[in-house]
Every structure is written in C-alpha cells, then in structure tokens.
Amino acid sequence: MSNSNASVTSNELPPEVVACLKNARYLHLATSDGLWPHVSLMNYTYLPMTPYPLPPTSISTAGATSGPVIVMTTHTDTKKTLNLTSNPRVSLLVHDWVSHRPSISSTNPFSTSPTNTHAFPAESPQVPQPSSLSAFLTNLNSTALSSISATLNGYAHLIPQGGEEEEYYKRVHMENNPQDENRCYLEGAQVRVVVVRVRWARVADYRGGVTDWRASEEDGSDGGMGPESHSNAVNGV
C-alpha cells in the first residue's frame, strides 16, 4: 500500500488542526536528550500567533512572532525541561479520536474471572461482540465530530522568568485551563513557561488520508517529517 501526501505551505495551520487544538484538553509532548525520547501528557494553550518575540534557543537566535504557537508549563527539575535546554526540537501529538477499549474478560478463555472458569471448547469459539458504547464511538469517529490526529514539530522556547512575557503566557494559559488541578503546574518559582513555535505538521484522518503542512519560512526543510511519499505507512505517519 502506498500513500502520497498532499502538502500545504502557509503561516496558518489547517482549519481542522486548529479546531482540534481548540477542542482537545491534552496533547503529548515528545522531547529528546539525543538518545532516548521522553513523552509527557500536557495541558496546553493554542495561540495563532504570539505578541512577543520568542527568546533564543540553544540552536537559534530570537524568533519572530508570526505563526502558531503552543503554550505549556513545566517544572525546572523535570526530564523534559532538561531535554529542552539542550535540544529544543520537539514533537507534539494531538487528536480528537474518541477511544474505548471494550472489556473482553467475559469471553476470554484465559480470564481469571469467577464467571469464566472453563476454557471455551475448541469446536465452538465465542467471538467477542462490540458493546453498544464501542459501536457508538466507532460511528462517532467516522463523522466530522472526531476525525484526525496531528503530529506537530517545532522549536521549544523557555520564557525568561519574572517578566511581562511570562506573566502574559501564564495568564492566557490559566484562562484556557481553569480547572483547579492545573494550578500546581502554573504557580511557584520552579515553574517555567514553554512556548513551542510550530513549523511542520502531519495530519492523518480516520480513512488513512495524510496532509503535510509547513510554515512559509520553512520551505526546503521537512522538520524531521521525512519524505512526502510513504510506502506501507501506518495511519499516514
């Protein structure tokens, strides 16, 4: 099976990715120290652009304000913060799939459940039937309500502490994540604000269709996404 990706160059993310970023609550952040990847589940805030020039990283000078950014916070002593300090290249995964793994204990011959103490006869295996919830979620994923996953690559910038920029990002991040359990990630001297300037994206839908996006300034670079034509790709990634 061979997939050929559509490709878009723009300073704005595709509208389906923007909708996903506005509606999802969490994303996965992948950082690396150069050897092992490290993945974290993160609250985040999407902004179509930032009002402040981004500070330099270990591999770049100060950044521009154009283009989409993702705001997150992290503690100074975490593995991801150490990784970001030495390697600001990051990958984010966000999706709007509604997932459900149905329980199969009642039909599993190896289950230790008291209701299932005997293996099924070989001549009459029982095939697990999807629950009504599983069927509902499968149907939901085939509608426009839930349809994509997006891998976003870019550069992470640690915002200097104590300044106007940090205050701004913390405020908009708290407004976007008002739940009480998020306050521990936003308060205290050990909290750092991370702003990821998104430069590349790969978007896969539930049918296996794939679209690549890159920021206008990044023409000629694939941002680690690889070639735009893939053979035997899984979910287009």
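User: Which element is Val 39 in?
Analyst: Val 39 sits in strand β4.

User: What does Val 39 touch, leaving out residues up to four places away in sequence?
Analyst: His 28, Leu 29 and Ala 30.

User: And how far is the C-alpha of Val 39 from that of Lys 79?
Analyst: The two C-alpha atoms are 9.8 Å apart. Along the chain, Val 39 and Lys 79 are separated by 40 residues.

User: Switching to α2. Which of its residues are buried?
Analyst: Lys 80, Thr 81, Asn 83 and Leu 84. Viewed down the axis of α2, the buried residues fall within an arc of 160°, so they line one face of the helix.

User: What is on the face turned away from that buried side?
Analyst: Leu 82 and Thr 85, and these residues are exposed.

User: What covers the buried residues of α2?
Analyst: The cover includes β3 (26-32), β4 (37-43), β6, β7 (89-95), β8 (148-158) and β9 (191-205).

User: Tell me about Asn 83. How buried is it, as relative accessible area?
Analyst: Asn 83 has a relative accessible area of 1%. The cut-off for buried is under 20%, so Asn 83 counts as buried. Its helix, α2, spans residues 79-86.

User: Which residues does Asn 83 touch, again skipping those up to four places away in sequence?
Analyst: Thr 31, Ser 32, Asp 33 and His 38.

User: Now α1. Which residues are buried there?
Analyst: Val 17, Val 18, Cys 20 and Leu 21. Down the axis of α1, the buried residues fall within an arc of 160°, so they line one face of the helix. On the other side, Pro 15, Lys 22 and Asn 23 are exposed.

User: And what covers the buried residues of α1?
Analyst: The cover includes β5, β6, β7, β8 and β9.

User: On to the largest nonpolar core. How many residues, and which touch the most other members?
Analyst: The core has 27 residues. Leu 13, Leu 21, Leu 27, Ile 70 and Met 72 touch the most other members.

User: Which elements give two or more residues to this core?
Analyst: α1 (15-23), β3, β6, β7, β8 and β9. The largest share, five residues, comes from β9.

User: What about Ile 70? What does it touch, beyond four places away in sequence?
Analyst: Its partners include Leu 21 and Leu 27. Tyr 44, Thr 45, Tyr 46 and Leu 92 are also among them.

User: What other core lies apart from the largest one?
Analyst: One of 11 residues. Its members include Leu 47, Val 71, Tyr 168 and Val 195.

User: Aromatics next. How many pairs does a search of the whole structure find?
Analyst: Four aromatic pairs. One is Tyr 52 with Tyr 169: the ring centres are 6.3 Å apart and the planes are at 65°, so the pair is edge-to-face.

User: Where do Tyr 52 and Tyr 169 sit?
Analyst: Tyr 52 is in the loop between β5 (45-47) and β6 (69-75). Tyr 169 is in helix α4 (residues 164-176). They are 117 residues apart, and the pair links distant parts of the chain.

User: What is the geometry of the Tyr 168 and Tyr 169 pair?
Analyst: Edge-to-face, at 5.3 Å centre to centre with 65° between the planes. Ring pairs link Tyr 52, Tyr 168 and Tyr 169 into a cluster.

User: What are the relative accessible areas of those three?
Analyst: Tyr 52 has 15%. Tyr 168 has 18%. Tyr 169 has 1%.

User: Last thing, confidence. What is the average pLDDT?
Analyst: The protein averages 80, and 70% of the residues score at least 70.

User: Where does pLDDT stay under 50?
Analyst: Over residues 229-236. The model has 15 contacts for that stretch beyond four places in sequence. Where pLDDT is low, predicted coordinates should not be read in detail.

Conventions
Residues are numbered from 1 along each chain as its sequence is written. This is a predicted model: local features need pLDDT of at least 70, side-chain atom pairs count only at pLDDT 80 or more; totals for chains, interfaces and linings use all residues. Side-chain values use heavy atoms; hydrogens and water are left out. Rings of Phe, Tyr and Trp (its six-membered ring) pair if their centres lie within 6.5 Å; planes under 30 degrees apart count as stacked, over 60 as edge-to-face and the rest as tilted. Helices (H or I, at least four residues) and strands (E, at least two) are DSSP runs, numbered from the N terminus. Buried means under 20% relative accessible area, exposed over 50%, partly exposed in between (1.4 Å probe, protein chains only). pLDDT is the predictor's confidence in each residue, from 0 to 100. Contact means heavy atoms within 4.5 Å. The arc is that of the directions from the helix axis to the C-beta atoms. A nonpolar core is a set of buried Ala, Val, Leu, Ile, Met, Phe, Trp, Tyr and Cys residues joined through side-chain atoms within 4.5 Å.
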